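I set out to record, entry by entry, what I looked up in this structure. The entries follow the order in which I consulted the model.

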Amino acid sequence: MTDDHEETRSDTLFEAPPMAEQERMAEAVLFASVDPVTVRDLEARMPHGCDAAEALVHLRKRYEGRGVRVVKVGDAWAFRTAPDLGYLMQKETVETRKLSRAAIETLAIIAYHQPCTRAEIEEIRGVSVSRGTIDQLLEMEWIRFGRRKMTPGRPVTFVVTPQFLDHFGLETARDLPGLKELRAAGLLENRPRPGLMGGQDEDDDEDDEVIEGQSELFED
């Protein structure tokens, strides 16, 4: 009788909490976290036997149609304002640093062609890329270094970061709009930038030029 009792205690000692409780735990962690949280991180915080992935499925469903949503950011999860209510936050948004045309084009090329090297970026743009442009995007944590390419010189590549995806409300880089969507939104012009010829370096004042659109980046 004692052995059976001890076995029962052993089986129930690590029994996972009910799914409703696991959902509450996942909700609490996401709410308190500044950065998106991965399933692995959730499972490390939750009691033994919990199914963090399943808890997130229930939590995401429960927040459908609410003012905030549970969204996937790369391999992690976070609470984010519902897209249709974003206008309510506009007055609270402080823009501390604007991107130059060179930075926008460089960022777009990396996003659409990652992983890509600096030489490949320059080949697509038709002009050289300044060190300051790359440094700015690295400091903003919108791009990071990728794997070195298996070509002569082993050049480093660049890829976009989860912070970039999070900022633009994307789950993966595959969710980026296509050429037609960019043109329809007025973010891609059908003409080259005036004053720039092939092979020309970036102008010194280009880094100070702020734009709202993008030039034609991805034409064949």
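**Entry: Thr117.** I began with the surroundings of Thr117. Apart from neighbours within four places in sequence, Thr117 is in contact with Lys149, Pro155, Val156 and Thr157. I note that the model is a predicted one. Thr117 belongs to strand β4, which covers residues 116–117.

**Entry: the chain overall.** I found nine helices and six strands in the chain. The chain has 220 residues, and 32% of them count as buried. I also looked up how far apart in sequence the contacting residues are. Of the contacts between residues at least 6 apart in sequence, 60% join residues at least 24 apart.

**Entry: cysteines.** How many disulfides does the count give? The count comes to zero. Cys50 has a relative accessible area of 11% and is buried. Cys116 is also buried, with a value of 1%.

**Entry: aromatic pairs.** I looked up the ring pairs next and found a count of three aromatic pairs.

Phe145 is in strand β5 (residues 143–145) and Phe158 in strand β6 (residues 157–160), so the pair ties together parts 13 residues apart in sequence.

**Entry: packing of α5 and α6.** I turned to helix packing. Helix α5 (residues 101–113) packs against helix α6 (residues 118–125) at an angle of about 115 degrees, and their axes are 10 Å apart. I therefore noted α5 as roughly perpendicular to α6. The crossing of α5 past α6 is right-handed. Which residues meet there? From α5 I listed Ala102, Glu105, Thr106, Ile109, Ile110 and His113, which meet Ile121, Ile124 and Arg125 of α6.

**Entry: packing of α2 and α4.** Helix α2 (residues 19–32) and α4 pack with their axes 8 Å apart, at an angle of about 75 degrees. This makes α2 roughly perpendicular to α4. On the α2 side I found Met19, Gln22, Glu23, Ala26, Glu27 and Leu30; these meet Glu54, Ala55, Leu56, His58, Leu59 and Arg62 in α4.

**Entry: a cis peptide bond.** I looked for the peptide bond that is cis between Gln114 and Pro115, and its omega is near -10 degrees. Pro115 is placed in the loop between α5 and β4.

**Entry: positive phi values.** I looked up two residues other than glycine with positive phi. Glu141 has phi near 60 degrees. Glu141 lies in the loop between α7 (131–139) and β5, and at 45% relative accessibility Glu141 is partly exposed. Arg154 has phi near 45 degrees. Arg154 lies in the loop between β5 and β6, and at 39% relative accessibility Arg154 is likewise partly exposed.

**Entry: Leu85 and Gly67.** What separates Leu85 from Gly67 in sequence and in space? The two are 18 residues apart in sequence, and their C-alpha atoms are 7.2 Å apart. I recorded Leu85 as partly exposed, at 26% relative accessibility.

Note on methods. Residues numbered from 1 in each chain as written. Predicted model: local features only at pLDDT ≥ 70, side-chain atom pairs only at ≥ 80, totals over all residues. Heavy atoms only, no water. Phe/Tyr/Trp six-rings, centres within 6.5 Å; stacked < 30°, edge-to-face > 60°. Helix = DSSP H or I, 4+ residues; strand = E, 2+ residues; numbered from the N terminus. Contact = heavy atoms within 4.5 Å. Disulfide = S-S within 2.5 Å. Buried < 20%, exposed > 50% of the residue type's maximum accessible area, 1.4 Å probe, protein only. Axes fitted to C-alpha atoms, helices over the stretch in contact; angles between N-to-C directions. Parallel < 35°, antiparallel > 145°, perpendicular 65-115°, else oblique. Left-handed = near helix turned anticlockwise from the far one by under 90°.
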